[in-house]
Amino acid sequence: MTYRTPSDGDPSSRFRLPYTVEPRRYQLHLIPDLESATFSGTVSIEAEAHDKVSVITLHAEELEVRSATVTSGDGLAQRVQLAELAQPAQPAEPAEPADAEHQDRISLVLGEPLAAGPLLITLEFTGILNDKLHGFYRSTFTDADGVQHTIATTQFEATDARRAFPCFDEPDRKAVFGISLDVPAGLDAFSNGPVVSEETLPGGGRRLRFADTIPMSTYLVAFVVGPLVSSEPVDVDGIPVRVVHVPGREAMTSFALEAAAHALRFFAEWFGLPYPAEKLDLVAIPDFAFGAMENLGCVTFRETALLADLDRASRLELERVADVVSHEIAHMWFGDLVTMKWWNGIWLNEAFATLMELMCVDHFRPEWQRWASFAAEREAAMGTDGLHSTRPVEYPVGPPEEAQGMFDVLTYEKGAAVLRMLERYLGGDRFRQGIRLYLSKHRLANTETADLWDALEQATGEPVGQIMDTWILQGGFPIVVAERTGDVTTLRQEPFSYAPADATSAIGRDWRVPVLARPLSALPAEPWRLLLADQPAALPDAREPVLVNAGASGFYRVQYDDQSLLALADRVGDLSPMERATLLGDTWAALVAGHGGLGQFLSLAEALRRETDADVWAQVASALGFLDLVVVDEDRPVLAAYTRALVGPAFASLGWQGRPDDDDERTATLRAKLLGTLGTVGADAEVRQRCMALHGAALDGGPDLDPDLAPAVVAVVAAAGGEKEFEAFLARQRAPRTPQEEVRYLFALAGFDQPELARRAFEVATTEARTQNGPFLIQQMLGHRSNGPATWARLTSQWDTLVELFPANIFPRMLDAVQRLCRQAALADEVRSFLADHPVPSGQRSVAQAVERLGVNVTVAQRLSGAMAGELSSGIDRLA
Ligand code: BES
Ligand code: ZN
């Protein structure tokens, strides 16, 4: 390997460890003490010095290093003085930066400089198992007998491996990890590799040694110790796969195992490379900050993302498990085997895993039509990306903390959507060839975004880098304006935004838009391809209406002239469900941006009233939900009546019960969507009553709720219910039968209208709820039409306590809901100024986006308030 140096122009260079010493292999031994929530450990790092060294700098945070020895190639050991260790770290580069920035480092000052060549660095250290869900941390659970148990587990991405052991904690310092753990009696342990040896320790515990890993980044190391049990391994083409969980959840592992087996085979085939580890454990952890983490061979999950009872989970809850399992398994190749050089590359890691997750789940259960439901996720990304406070998907990352702000809808959903747009434009086979080339060329190494474009260019001959740079390196996206004169449709692009631009806008100017289009009756399989640049371009002549964004995989919006839009609305049957959902999304966005009236959107929704697709209805339901948030009190009954007129007949034709002739599993999802909308926004008396009755009976030991309907029924019961139901939810949440049921009832506490119940729900969020869930309950309450303002008041008065209590990275997600506090302009101002005075660590950009969106929503609410009742009443007449 050559001796690398961070390049001069690189904004991260002053935050990087020097490359003079490079790790090759870690021998890591850890002794966790779960009772005292502490650990001790020893790490021996085989490294190579490229030059003479007198100081070795590595990462360590909240660790007490007890001793350090450095041995040179000639076998002579130097003990590094503890006094020197205790000193503030030496800056990596003499002049800067300030020491405060480097508290997460230690420098080993050698008495005698060592010559270039092999080194062995050995450190002994101790630390605490924290409660912050990062580093080496503690998770707890209570068993059926009320006894509390502790698990010690890890979460290292992005930069918390340094909290568990001293290391070169940067993604391009790949090394082999040989891990061993002292496991107290009665507990089990899991890590990246399989166990290769086991010895009994005096006092009853065991020492487990795990096989060496492939060379990999520190952020992918994992170890878990606790009273956990694992399912019998399933052999997937030679790879043993297990699900690891707390005792008692044995019956909830089969679905994840099936999804994992499918994903392993799917990816090995798709990528053309074997799975890069020896085994795969999927570990469900009761306290977990994110959804899941792709540690090589030892993926960790929150319980709802892994464990599901097939008889009790809704199809969407199962889809979530399949999504997360597939996503993390995609990372085993894309992320773990081939890794970004630095944190600016996080987007590629996550966007690509999201793209592959969708492809994999679409292959696993084609009848679920995963791409169609992705349309709603892409819509959310466009919602953020149409704000001036958006950001480019990739931006230079200096200090690694800056990367934390990258884990958002722009990285995941926009990133995946623009990759999908590219894949559809290039064609699936050619795209895959490029990816295979990229992976085989860079396996076990590190890359930058341009390496991927290079491989795709090589495989396809298309100007991939030129196209993609416009989507990745600048914020925003275009609206493609389609104008038809005679048989000719001309296209041009403009930046899309919800509000007039100011000087600070992060929205770009023009894009290379890979447009797919088709005449309406043509086969969707053969669309026209056109690369739209800054000059207008014409599509081929057509006698009939033309659909731009055919296949609906573009990350852009389309604006048709009025006549074309009417023609399309007239022939919605010639559009695929995803195309219909996308047309609705574009029409709604025009309304929010102030270009289209409510009447235009309602007419399109009414044209779709015989729609049978769940994702198209989801788009309608989400618009109705927004109207229900902003409507003035007097007009709320008209909105409810409109909702019943629009949604009622569709629900009536489905009925309450699944029928044997239900055409697919999505029908049940559709039924739930319509039922939930009627029972909440529609305030439908009959639906509410029936939901209360069904729910009451199920709680009293009667028949269980239909798993697909249960989430909607619970939401309706909250909207219609009172204290009695609140108590029942609370009790169920405390003694749930499945992880999904626990969060379903917990989060539904936010749906009660009564102020006193909202107060109690807030208390639950900040006391008994796990800190992984509390912020999401508050998020729901902030977004609630009547309880939002009081929730905001509580949140701000307890701000400091909550900052202490909740994992830092969940905070921005919770605050996303402030965009819904839009009915009183004065409150919106208060939100703006409070958040300006109370910056959220590493979440500033998402907060700025939520605040900008709040402003947009205030404007929309005001604009709609005058005309809403009239528009809705005419709609009711049209529907009658
Ligand atoms: N690598 C991430 C987990 C992660 C997120 C680590 C943020 C550090 C910061 C993992 O692969 C992931 O993307 N998890 C998602 C779930 C996934 C299915 C989208 C998550 O945790 O939300
Ligand atoms: Zn991921």
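Let's begin at helix α19 (residues 739-748), which is mostly covered, with nine of its ten residues buried. Here, buried means under 20% relative accessible area, while exposed means over 50% and partly exposed lies in between, using a 1.4 Å probe and protein chains only. Helices (H or I, at least four residues) and strands (E, at least two) are DSSP runs, numbered from the N terminus. This is a predicted model, in which local features need pLDDT of at least 70 and side-chain atom pairs count only at pLDDT 80 or more, whereas totals for chains, interfaces and linings use all residues. Residues are numbered from 1 along each chain as its sequence is written, chains are lettered from A and ligands numbered from 1 in the order in which they are written, and side-chain values use heavy atoms, leaving out hydrogens and water.

Among the buried residues of α19 are P739, V743, Y745 and L746. What covers the buried residues of this helix includes α3 (315-333), α16 (685-699), α17 (710-720), α18 (723-734), α20 (755-766) and α21 (774-782).

Next, find the open sheet of three strands, ordered β26-β25-β28 with antiparallel pairing. Two strands pair if DSSP finds at least two bridges between them. The edge strands, β26 (528-532) and β28 (546-548), each pair on one side only. Strand β25 (residues 513-519) is joined to β28 by three bridges, and A517 has V548 in β28 as its bridge partner.

Now for the aromatic rings. Rings of Phe, Tyr and Trp (its six-membered ring) pair if their centres lie within 6.5 Å; planes under 30 degrees apart count as stacked, over 60 as edge-to-face and the rest as tilted. The whole structure holds 38 aromatic pairs. W588 and F626 are edge-to-face because their planes stand at 80°, with ring centres 5.8 Å apart. This pair links distant parts of the chain, 38 residues apart: W588 is in helix α11 (residues 577-592) and F626 in helix α13 (residues 614-630). Both W588 and F626 are buried.

F726 and F752 also form an edge-to-face pair, 5.4 Å centre to centre with 70° between the planes. F726 sits in helix α18 and F752 in the loop between α19 and α20, 26 residues apart.

Conventions
Contact means heavy atoms within 4.5 Å.
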